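Please find below my notes on the two-chain model under review. They are set out as numbered points.

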Protein chains: 2
Amino acid sequence: MDPDSLAKAFVEHYYSTFDTNRGGLASLYQDASMLTFEGQKIQGSSNIVAKLNSLPFQQCNHSISTVDCQPSGPAGGMIVFVSGNLQLAGEQHALKFSQVSN
Amino acid sequence: MDPDSLAKAFVEHYYSTFDTNRGGLASLYQDASMLTFEGQKIQGSSNIVAKLNSLPFQQCNHSISTVDCQPSGPAGGMIVFVSGNLQLAGEQHALKFSQVSN
């Protein structure tokens, strides 16, 4: 699978998990993982999932607008940059979001 | 200097160079550097600067809204995520932009 297709598949998996089973994101993070969320740094899979579970909305739907990826580091890693819309249940207007994964 | 201050200083330097002397960005990229610009991958300092010089506007002003950084890789690198507004000369409304550096 080429890197762009891999990045797209990862992004689809990440956000469909976010939207349907937020706790399932735990398996996509490790102890060394860090999430920076609106300026706050959160380290470790369990802390990250606790943060995502504490967000002030339950039902949400991410729709992806762009996925860009680049090679990162000597071990064959990737940086993935995503932008899109986040629709919250009961809200008329979608929010814009963007996120980077490494 | 702590990582957040370093990231902020880098971002201010990058965009003030972009806005006043776009060719000067060459020194901030290497041959292995990659720019992904609206889905297009461009590799190498000279190709990146040529792309930035070819953008269909001359005068512009970036104003930074957020700067987030995280450690990246074993060698003490950083990922920096920036969002902000891009004002083009003669345009009434600013564009939103976001960019990631590694």
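1. Is A:Q99 buried or exposed? In this predicted model, A:Q99 is buried because its relative accessible area is 17%, where buried denotes under 20% relative accessible area, exposed over 50%, and partly exposed anything in between, with a 1.4 Å probe and protein chains only.

2. The conventions are as follows. Residues are numbered from 1 along each chain as its sequence is written, and chains are lettered from A and ligands numbered from 1 in the order in which they are written. Because this is a predicted model, local features need pLDDT of at least 70 and side-chain atom pairs count only at pLDDT 80 or more, while totals for chains, interfaces and linings use all residues; side-chain values use heavy atoms, with hydrogens and water left out.

3. On confidence, chain A has an average pLDDT of 94, and 100% of the residues score at least 70; pLDDT is the predictor's confidence in each residue, from 0 to 100. For the complex, the predictor gives an ipTM of 0.80 and a pTM of 0.87.

4. A:Q99 belongs to strand 5 (residues 95-101) of chain A; strands (E, at least two residues) and helices (H or I, at least four) are DSSP runs numbered from the N terminus. Leaving aside residues up to four places away in sequence, A:Q99 touches A:Y14, A:Y15, A:Y29, A:L35, A:V80, A:F81, A:V82 and B:F81, contact meaning heavy atoms within 4.5 Å. With A:Y15 there is also a side-chain to side-chain polar contact of 2.4 Å. A polar contact is a pair of N or O atoms within 3.5 Å; within protein, one must be able to donate a hydrogen and the other to accept it, and residues adjacent in sequence count only if both atoms are side-chain atoms.

5. Between chain B and chain A, 10 residue pairs are in polar contact, both residues at pLDDT 80 or more.

6. The interface has 2 salt bridges by the rule used, namely a side-chain nitrogen of Lys or Arg within 4 Å of a carboxyl oxygen of Asp or Glu. In one of them, the closest N and O atoms of B:K41 and A:D4 are 2.9 Å apart. This pair runs from strand 2 (residues 40-43) of chain B to helix 1 (residues 3-20) of chain A. B:K41 is partly exposed at 36% relative accessible area, as is A:D4 at 37%.

7. A:K41 and B:D4 also form a salt bridge, at 2.9 Å from N to O. A:K41 lies in strand 2 (residues 40-43) of chain A and B:D4 in helix 1 (residues 3-20) of chain B, so this pair joins two chains. A:K41 is partly exposed at 36% relative accessibility, and B:D4 is partly exposed at 38%.
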